[in-house]
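The following exercises accompany a structure shown below. Each consists of a task and a worked solution.

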Amino acid sequence: MSGGSPDTGDPRCPRCGVALAPIPRTPVLTYRCPGCDGRAATLAALRREHDSPELTELWFQARRASPAGGLACPTCPSSMKRVALDPRGLAIELDVCTICETIWLDPGELERLPVTPRPTSPPDPLLPGAEDALVDARVRGYLAHQRSLAHAQQVGTALEWLCVLVGWWA
Ligand SMILES: [Zn+2]
Ligand SMILES: [Zn+2]
């Protein structure tokens with residue numbers, strides 16, 4: 001009632017100790033640290049938005065991981081567990097609390113994630129009679145789009161979705 005209870009307050013950054021602020025307009029309720037730009041969301045919310053085998057695997061890895069030396073959970077008194085993922089040969093580490101399912105993303109880790117190239121739009125036709133070329137460009141653009149979708153479904157997709165869901169990539 002009096003406010004300021006240390007155990008039940010707003011989520012705090014495990015690195016800076018400052019209060020995290022909810023980010024407006026993210027698909028999943030996400031908190032951001034104004035100091036280091038780290039993000040916190042819950043695994044349950046992420047899975048509601050984008051369930052994937054990778055997120056399940058992330059959870060199982062966290063359950064098996066040792067809690068030794070883990071960061072403090074932003075939202076509960078527990079320690080998080082460091083989980084290493086390896087999309088496309090990059091060792092990405094996330095912190096997961098197996099008590100309250102909070103997942104913490106360090107900005108330094110996210111910056112290293114490769115972005116699946118987005119399809120570029122076909123060029124505008126500049127000359128009369130360039131319509132055939134435009135159709136070709138559209139077909140090529142469509143095929144590139146399909147390829148990048150298929151690619152995203154194969155590798156790194158859960159992490160890419162994670163970045164989108166927590167507002168890292170708008
Ligand atoms: Zn911070
Ligand atoms: Zn927790």
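Helices, of at least four residues, and strands, of at least two, are DSSP runs numbered from the N terminus. The model is predicted.

**Exercise 1.** Determine the pattern that the protein chain follows along the sequence.

*Solution.* Begin with the inventory: the protein chain contains 5 helices and 6 strands. Reading along the sequence then gives β-β-β-α-α-β-β-β-α-α-α.

**Exercise 2.** Identify which elements have the highest and the lowest mean pLDDT, and where the pLDDT is below 50.

*Solution.* pLDDT is the predictor's confidence in each residue, from 0 to 100. The average for the protein chain is 76, and 61% of the residues score at least 70. Where pLDDT is low, the predicted coordinates should not be read in detail.

**Exercise 3.** Describe the largest nonpolar core and the elements that give two or more residues to it.

*Solution.* The core has 23 residues, and those with the most contacts inside it are Ala41, Leu46, Leu94, Val96 and Ile103. Two or more residues come from each of strand 3 (39-42), helix 1 (43-49), helix 2 (53-64), strand 5 (92-96), strand 6 (102-105) and helix 5 (157-165). Strand 6 supplies the largest share, 3 residues.

Key:
Residues numbered from 1 in each chain as written. Chains lettered and ligands numbered in written order. Predicted model: local features only at pLDDT ≥ 70, side-chain atom pairs only at ≥ 80, totals over all residues. Contact = placed C-beta atoms within 7 Å. Core = buried A, V, L, I, M, F, W, Y, C linked by C-beta atoms within 7 Å. Buried ≥ 20, exposed ≤ 12 C-beta atoms within 10 Å, placed from the backbone.
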